Structures are given as C-alpha cells and as structure tokens.
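Visitor: I am new to this structure. Please show me how to read it, one feature at a time.

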Amino acid sequence: MEFLVLGTLEVLAGGERLDLGSQRQRTVLAALTLDANRAVRLDRLVEALYGEDPPSTARVQVQICVSALRRLFAGHGQPAAIVTEAHGYRLRLDDDQLDLHRFEAALREARRLRDLRRVEEAVARYREAAALWRGPAFDGVDSRLVESAAARLAERRCTAVEECVELELGLGRHRELIDELTALVAEQPLRSRLLGQLMLALYRSGRQPEALDAYRAARRHLVEELGLEPGEDLRRLEHAILTGDPQLSLPSPEQGGEPPLPAPHLLPTDIADFTGRSAQLDAIERQLTLAAQDASRFAVPVVVMPGKPGVGKTTLAVHAAHRLAARYPDGQLFADLHGRNSGQVSAMQVLERFLRALGVPGAQIPTTLDECAERYRALLSNRRMLVVLDNASSESQVRPLVPGTSRSAVMVTSRGRLAGLPGAVHVDIDVFDAAHSVQLLSRVVGADRIEAESASTAQLAELCGHLPLALRIAGARLAARPHWSVDQLLQRLVIETRRLDELKHSGLGVRASIALTYDHLAPDAQRLLRLLTVPEVPHFSGWVAAALLDTALPDAQDLLDELADAQLVETSGSSRGESTRYRLHDLIRVFARERLLQDETAAARDAALGRYLGALLLLAGAAHDAMYGGDFLRFRSPAALYPLPPAQVRRLVDPPLPWFERERPVLVAAVRHAAAAGLVEHCWGLARTAVTLFESRNYLGDWRETHRVALAAATEAGDERGQAATLYSIGSLRIVERRFDEALDALEAARTRLERLGDEQGVALVEGHIAFVDRMHGRYAEATERYLRILTTFRRNEDLVAAAYTLQNLAQIKLEQGDLEAARTLLPEALQAIRRAGSARVEAQVLHRLGELHLQAQEPQAAYVFEQALAVVRELGDPVGEAYALLGVGTAGLRGGDLAGAAAALRDARRLARDLGERLVEARVCMVLGELAAGEDPALAVTEWRRALELLQVIRAPALEAQVMALLAEVDPG
C-alpha cells in the first residue's frame, strides 16, 4: 500500500484508491501518519478528533476508528499495518510507502549535494521533492492538531522551494523561474525571500522596472495590511537594483561559478509602529557600547530581556538589533528557540543552522553539540557578530550559542530571568504606561480615530492591561473594521468572561500566549495560579498561597517563585522575605480565573476561600493583639481560623501596624468577598479587627464601607453577635467623626443585643463609649458613674487594657473638673496596668493624660512625659497619636518658655490633624497657637481662637467651646 498525505489524504492499494470511511477515521489515520513508525498516545488521537473538549465516549470512538482501519488494511493484505502499543497505536510503514518520508529523504539528499557544491544534482533532487506535493498537506482533514502539523509541513515545502530557486538563480536560470516565482509571490506575499528572488530574476532578465514594481507592490501590501516596512535585506536589494549594483550580476566562470558567501543577515523585519521602550533601548545600547569600547576588559556581552507573555520582548529585541546592526558588520544571527512549547528548538539545531549560514557545508558540520559549539566559536572569534536568541526557556539552551570573544554580542529574550547565565545584564520588560499604550493604538488604528474617542481609548488600554500584545490585537481589530468605534470594542472587552475571546486576531491571541507558559508549569504551580484568583485582591503575600493550597509556606513560596520565574506573577513593592508582595497582571488573572472555573470544583473553590479568610482573620487578630498586648478591646468572631504556625504568624505581623497597612486593600476586599460568599462570621470579624488600622491611620472611608457591608450581612443572617460587634464599632466611628447623636444610636442598639446575649464584657465596652459621649457633652456625673461601673467589670474579667483605658478616661474627667489630686491617683494605676498588659497604643494615651496632669499642675516634667508618648506613637506608626503627642509637646514648650520649639511642634501637629481630618486635635492646636500669639500679635490670636471655635461648634464639644469663648472675651469683651 502507498500512503499519500502531501495533498488530499489517500491510501492506494495496487493503484486502487481506498475508501477511508468517515471523517473521524480519516482524522485518526492522519494523526497516525504524522508519527508513522512511532507510538501515538491515545490521548493525542482523542485531541486530534475532538480538540480540547472531548466527549466521555472519545476513547471508545478512537478505538472504533482504529478497528475499522485495521479491517480495511487487512482486506488489502496489510493486517499488521496498525499495532497496539502500551498507551496507544503505531502505524508501521516502510520509508517508500509514505510520500512524506520520500519528500524528507529527497530534501536531505538535495541539501547534502548542495553543501558538496554539486549544484545541478541538488536542483534535480529539490525538484523531485517538490513534485511529490499535490496540494496542501492533509487537505480535507478537519482537525486543529492535524492542521497545525500541515502548516509546519507547508513551511518546510516553501523553504525547500526557496533553497532550490537560490541554486537555480546561481545557475543562470532566471528567465525560466520568473513565471513560477510570480505565482509563488502572489500566493505568499509575505515571504520576503521569494520576493527577493523574483526581483533578482526580473533584474537579471533585463526587466529592471518590473523588479522595482514587484518591490513597491509588496511594500504597499505590507504597509496597508500589517503596518510593516519591508526588511533590511529587501531594502538593500531594491537600492542595488536602482543603482545597477554589479554584485547582482551572475558570477563569472573565472570566479569559480559561485558568488562569495555573504555575511548572514537573519534578523526578522523591524516593526514599523515600534513604540516606547526608550529606557530599555538605552540600557541595551549602553551595555553593548561599553563592551565594544574595550573588548579586552569584558567577557561576551549578554543582555537578557525577561518579561511576561505578550509584553513585547521579541519586538524590542528585533528593533534593538536593527538599530545596532551597523556595529556588527560581519552579520546578525537570529533564532526563535520556541520557549517551552512543543516545538522547542535545541541548541544543536540552532548551531547547525548558524554554521550553514556562516558558510559551513552540511557534510562538514560536526555531529556532537560540543564540537558544533567549538566550530561556531572559532568562526566568530575574529568577527563582529550580533546573535539574537528569542524566547529561550533555559540557560542550557543558550550557553552553547554564546560566542567566545567580546567582539560579538548576544541578546536573549525569555519568560524567565535566566539568572544562571554568567555576567548577563538583565533589562526587564514590563507593560506600557498609559501614554505609550495610547501611542501604540494611534499608530496601529490611526491618530484621528483614537483622538476622537480619547476617553474610550484610555479605558480600552486599561482593559488590555497595557500589555503590548493585547493592545496590538485590539488595534488590529479596529484597523480591520473601520466602521467600528473604539467604544464598540471597549464594550466587548468590559465583559470579563469574553475578554480573552475578543483579544484574538489573525492567529494572534492573548489566551494562547499565556497558555504556552501555563501548560508547561508543574501541576501544583498550575493549581496555585488558578487558586490565586479566589481572593479577588490587588496583591497578596506568600501566606495567601499557603492557605489557598493548604500547604506549608516554604512549599507555597517555591511554587510562587516558579510562577514568578515564568512571569505569570510579579513582585509588587519593596518588601522582602515572607513579606514579599505579589500581583497578577489583569489579563493573566482573567486567564487563571477561566482555568479555575474549568478545573476546580465549586467545593474546592469554597474550601480555598474559607482557608484564605480564616488565615487573614488569624493574622489580623494576632496583629491586633500585638498592638494591645493581648486579646483586649475587641469582639472575637467564632469564625473558623486557618492554623498558620505560631512562629510564622509572629514574624508576619511584626511590627503590627505596618502589617495592617500592607494588607489594608486585602482586608477591605475580604470583607466584601466574605459577605458575598455568605461567610458572615468571617465578614464581621475581619471588619471589626481591621478597626485597629482604620482608627490608627484615620481611614474613615474604609471603616464606613466595611462596616456597612458587615452590618448588612449580619442582619440578613440574623447573627445578633455580629450585629452587636459591628454596631459597637460603628459607634466608635461616629465618635471619631464627632457625630455623637448617631454614635449613641448605634451604641444603644449594640447594648440591647449584647444584653440579650448575656455578654457582660461586651456591654461594658459599649458603656465605655457611651460614657465618652457623656464626657464630650459635659455630663461628667453620668460619665463618671458609667466608668466606675464598667471598671468593676473589667477588673473582674482581668481585662487590663480596658481597665487602664477606663482609668485614664476617669482621670481626664478629673482634669477637666480641676481635680488634679484625683487624676494623680488614677493615672499611675492606669500606667502600671497597661505596662503589665504590654499595650503600647493605650500606654501612649495614658502618658498623654499624665502629661496634661503635669501641665495643669505647672510641673516641668510635662515636656518629658509628652516626649515619651511621642516616641511610642512614632514607633507604632500611629499618626493620630502623633498629632496628639505633638500638641502636648507644643503646649509644654509654651508653658516652659521654649516658644520656638513650641511653635514647631504645634505646626507639625496642625499639619497632621488637617491631613487626617482630626478636627478636635486641630481645634486644640489652634487654642494653644492663639495663646502663643497673644503676647505679640493679638489679632493672630483672635484668628486662631475663632478657627478653633468654628471647629468645636461643628463637632459639638461644648466644654471646649466655653473655654475658647472665654479666651475671646478677654481679648475682645464686646
């Protein structure tokens, strides 16, 4: 039997064409033929038939097709043509039974003869190989897998034709080739080598105008269809034809009948609409220039350009190589190493190509990698050659391709950093900024269309994640559809589930680009990438990965590093070690979420979310406890915690306030996510615990939003404890905002629920806030009564922090009433209790009260105590506390006669208070600044006091209002 695939798939037996049956049987036979005499796995045959979405019966259907083919071949004397292997099948054929094998054998022989300079014989074998083709390979077989293989075969066929034509042009057969080349260029207008051969054939036939017309027609096609200019080789050829360069003529017999071997120029065409990257281009040029200036001092300059899929690494490398080409007059070598995909190219294959390009006949190319590398280095030792290696997967793929001397240079692009290449300089390639994104779209689509819809263009670039590949695809789609508006494409991309479907055009696709990297990850790394979309946060730390995977942090960190090496996650910020922050690019996040929904069950997704929220609540609680010296002043949620190791927890949250700051966006997002997922106890527990940060840093917007969500979730779920805890915290927020009536409403609602639950400690915490409102309204008796009542509760429950907090509030009342001796008794007890508890935050508040006591008593140690408080809050990173402490330092300076120091501290306090929106602090600063100015500038003093009065009237603090009005009355009795 004879198997024919170079055209329609056919099998002949005794000259008779066999009926191969259904499309399925033809597809299975095509897949077997592609790997004839090699085992083909059953899952590959399933993929050939059904692509990525096979039915449950797929394997059975393949087996049915194989059985039918066996019966067919057995009926024609070949019962053992298809044999069963361990995991699939093998089609057994002799070399002469398959036209593809005959083509490959003829092509190998043609190249061998070419390298031996037996040109006439080589041409005959090339033509023999070409004659085996009857049309496109596997024509009529409907299978993506087979079509992909057919495309590769078509490329080999065209390359063979180009090689043959090159030899025939050297033999002077230019006139005979014109018709064939004209047809080939019409079929494949982007093949620059065919076009160059047609131009040369026309020129040598005395048809110079037609040669130039062919070039100009091709250039119009490139510019109009793709926005690209012809490559450098074609441009040089056009110039040579225009000037009648004698080197285009056939070599004379005296020259041996063959032209000298030229320097290789293998660079792909430069990009006409290249955009941005000036900093990276400068860095590349600077490195190569430095090496060129003193070759004796430098090893071979190697520039590695790592970047995520679709970021434009190849575009930059090719553009940089064209800019630098003149510095490397002996030629430029280029090879696409195909990264980690199935078509990965070995160093040996690249060396064979490079040696041929450097003039080594095929028969003289060594057969081992080491020998090839030695020959390659020897040939480049005295040459200035630029080597561009695109899409490298590993250092081992690159090392044999690095020349031996610094006269040459190497540029490498990769999705990994290739840190193992000695002396390599890394030029990281990241996404565009907004301006360059718009600039690229303008160049691809046209400036008029882009400028007409500038707002939509900015949003479009944002949805493309400023990724050059995505921007180029979006631009190409708009350019191909002049009737579309930018907003029309924007609305398609807004739907996240369709975004990657929309970012496809003419064989380019963001999903396919990311998948090339994803498919070659280890299974655990793939799963981590999928699960990283569960939290729905802008950035994350290593502990998130550990919780999502339910694994130890070092193991999760290793997988994160694998994803970072593959450019699928990127580091964010300057943190190091266990605090390192990571983020997903927006389009990679969309891809990973697709795979999450495809490959993880709903139960697995829910379990991962629960672990993540449990770990976050554990860490937030630990950070709160570190701030307050224990589990004080908070309502504990009964939500399940994820058990991270205690030592690891301590390292992560030390120091606690910076940890809270880093995780702030995560905490806010997690409250919303927990509510949406119905994890109510996690929701209100996280919201309540995050108040430690919100209160310290005055993040009132976050405080309001998280508690709005948490209260709604707890109310809908009927969770009374969650409602009480959230209402208590909302009461705290209203106190900070000086909205005291609303604070009382929230606090009384919380107290009612806590009384129903029988939570004595919770009721006492709420009463403490109500007592504070009483104090602010001047109701000192009511406030004192409440404080004394709850103090008994806190002491009985051994809550040292709450007790100390209550004692310092009682002391404040005594100070405001002028009872200094009572305050002098209360504050040392409060300070002793809080130091036993170890709560630095409340210690600073007690120290502040102690400083106020010394001020009222006109005692000189006031300044020292306020400085102590200032040191504590600065170490904590508490700006509200710092504003209060600076107020104390400034007041003490004024009383002690240090007017310059007082003015400086008060100015800093006012700046902080204004930045934080702390109107009470600002009002008190204005009161003291008025005192400072009263002696020398009464008008300024009045201005300050009037500003203080305005602020106090807004926040409704009558006791302080009365003090300010008394000061104003002394200056201006009218």
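**Reading the strands**

Guide: Strand β1 (residues 2-4) pairs with β2 in the antiparallel sense, over three bridges. Strands (E, at least two residues) and helices (H or I, at least four) are DSSP runs, numbered from the N terminus. Two strands pair if DSSP finds at least two bridges between them. This is a predicted model: local features need pLDDT of at least 70, side-chain atom pairs count only at pLDDT 80 or more, and totals for chains, interfaces and linings use all residues. Residues are numbered from 1 along each chain as its sequence is written, and side-chain values use heavy atoms, with hydrogens and water left out.

Visitor: Which residue of β2 is the bridge partner of Glu2?

Guide: Leu12 is the bridge partner of Glu2. In β3, Leu12 has Arg17 as bridge partner.

Visitor: What lies between β1 and β2 in their hairpin?

Guide: Five residues lie between them, and Gly7 in the turn has a positive phi of about 145°. β2 and β3 form a hairpin with two residues between them. There, Gly14 in the turn has a positive phi of about 60°.

Visitor: Which way do the side chains of β2 point?

Guide: In a regular strand the side chains alternate between the two faces of the sheet. In β2 (residues 10-13), Glu10 and Leu12 point one way, Val11 and Ala13 the other way. All four are buried, meaning under 20% relative accessible area with a 1.4 Å probe, protein chains only; exposed is over 50%, partly exposed in between.

Visitor: Which residues touch the most other members of the largest nonpolar core?

Guide: In soluble globular proteins, nonpolar side chains tend to be buried together. A nonpolar core is a set of buried Ala, Val, Leu, Ile, Met, Phe, Trp, Tyr and Cys residues joined through side-chain atoms within 4.5 Å. The largest has 226 residues, and Ile284, Val510 and Tyr612 touch the most other members. Its largest share, twelve residues, comes from helix α27 (residues 602-628). A second, separate core has 58 residues, including Val5 and Cys65.

Visitor: How many helices and strands does the protein chain have?

Guide: The chain has 45 helices and 16 strands. Its radius of gyration is 39 Å, well over the 30 Å that the globule rule gives for 974 residues, so the chain is more spread out than a compact globule. That radius is taken over C-alpha atoms; the rule is 2.2 Å times the number of residues to the power 0.38. Buried residues make up 54% of the 974.
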